[in-house]
Amino acid sequence: MAFLGLRKWSTPIVRPLWPFMISGSVVLYLVYGAQESGVRSEAWRNDARNPYAAQIAKEALH
């Protein structure tokens, strides 16, 4: 019998969703890498619209 909708054993959440968690983290890593390579490319390195232009210029001096 369920008391206020609670069961005797908890419902598994992580076990059936682990493939989605792993693939989500892989996709996030790949998108981050694509963004980093795009921001640091020759075409966008000195562009005024690049929010990381100052940081890239400071790293290039070292």
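How many salt bridges does the structure hold? The structure holds 4. This tour visits several of them. Keep in mind that the model is predicted.

**Stop 1: the whole protein**

Follow the chain along the sequence and the pattern reads α-α-α. Now turn the model around. The C-alpha trace spans about 70 × 20 × 20 Å along its principal axes. The radius of gyration is 23 Å, whereas a compact globule of 62 residues would have one near 11 Å.

The accessible surface comes to about 6100 Å². Carbon and sulfur atoms account for 67% of that surface. Buried residues make up 8% of the 62 residues.

**Stop 2**

Select residues 14-39. This is helix H1. Next, select Ile 13, Val 14, Leu 17, Phe 20 and Met 21. Together these residues make a nonpolar surface patch of about 520 Å². Pick out Met 21, which lies in H1. Is Met 21 buried, partly exposed or exposed? Its relative accessibility is 45%, so Met 21 counts as partly exposed.

**Stop 3: the charges**

Colour the charged side chains. There are 7 positive and 4 negative ones. The centres of the two sets lie 22 Å apart. Why look for pairs here? Side chains of opposite charge can pair when their charged atoms come close.

**Stop 4: a salt-bridge network**

Select Glu 36, Arg 40 and Glu 59. Salt bridges link these three residues in a network. Take the links one by one.

- Glu 36 to Arg 40: the closest N and O atoms of this salt bridge are 3.2 Å apart. Glu 36 is partly exposed, with a relative accessible area of 24%. Arg 40 is also partly exposed, at 31%.
- Arg 40 to Glu 59: these side chains meet in a salt bridge at 3.0 Å, N to O. Arg 40 sits in the loop between H1 and helix H2, while Glu 59 is in helix H3, so the pair ties together parts that are 19 residues apart in sequence. Glu 59 is partly exposed, with a relative accessible area of 41%.

Colour residues 53-61 to see H3, the helix that holds Glu 59.

**Stop 5: helix H2**

Select residues 42-45. This is H2. Show the side chains of Arg 45 and Glu 42. They meet in a salt bridge, 2.8 Å from N to O. How far apart are Arg 45 and Glu 42 along the helix? They are 3 residues apart in H2, so about one helical turn separates them.

Arg 45 is partly exposed, with a relative accessible area of 30%. Glu 42 has 62% relative accessibility, and exposed means over 50%, so Glu 42 counts as exposed.

**Stop 6**

Select Tyr 52. Where is Tyr 52 found? Tyr 52 is in the loop between H2 and H3. Tyr 52 is partly exposed, with a relative accessible area of 34%.

Draw a distance from C-alpha to C-alpha. Tyr 52 and Thr 11 are 45 Å apart in space. In sequence, Tyr 52 and Thr 11 are 41 residues apart.

Definitions and conventions
Residues numbered from 1 in each chain as written. Predicted model: local features only at pLDDT ≥ 70, side-chain atom pairs only at ≥ 80, totals over all residues. Heavy atoms only, no water. Patch = residues over 30% accessible without salt bridge, like charges linked within 9 Å, V, L, I, M, F, W, Y side chains within 5 Å. Areas by Shrake-Rupley, 256 points an atom, 1.4 Å probe, with all protein chains shown as cover. Helix = DSSP H or I, 4+ residues; strand = E, 2+ residues; numbered from the N terminus. Buried < 20%, exposed > 50% of the residue type's maximum accessible area, 1.4 Å probe, protein only. Rg over C-alpha atoms; globule rule 2.2 N^0.38 Å. Lys, Arg positive; Asp, Glu negative; His and termini not counted. Charge placed at Lys NZ, Arg CZ, Asp CG, Glu CD.
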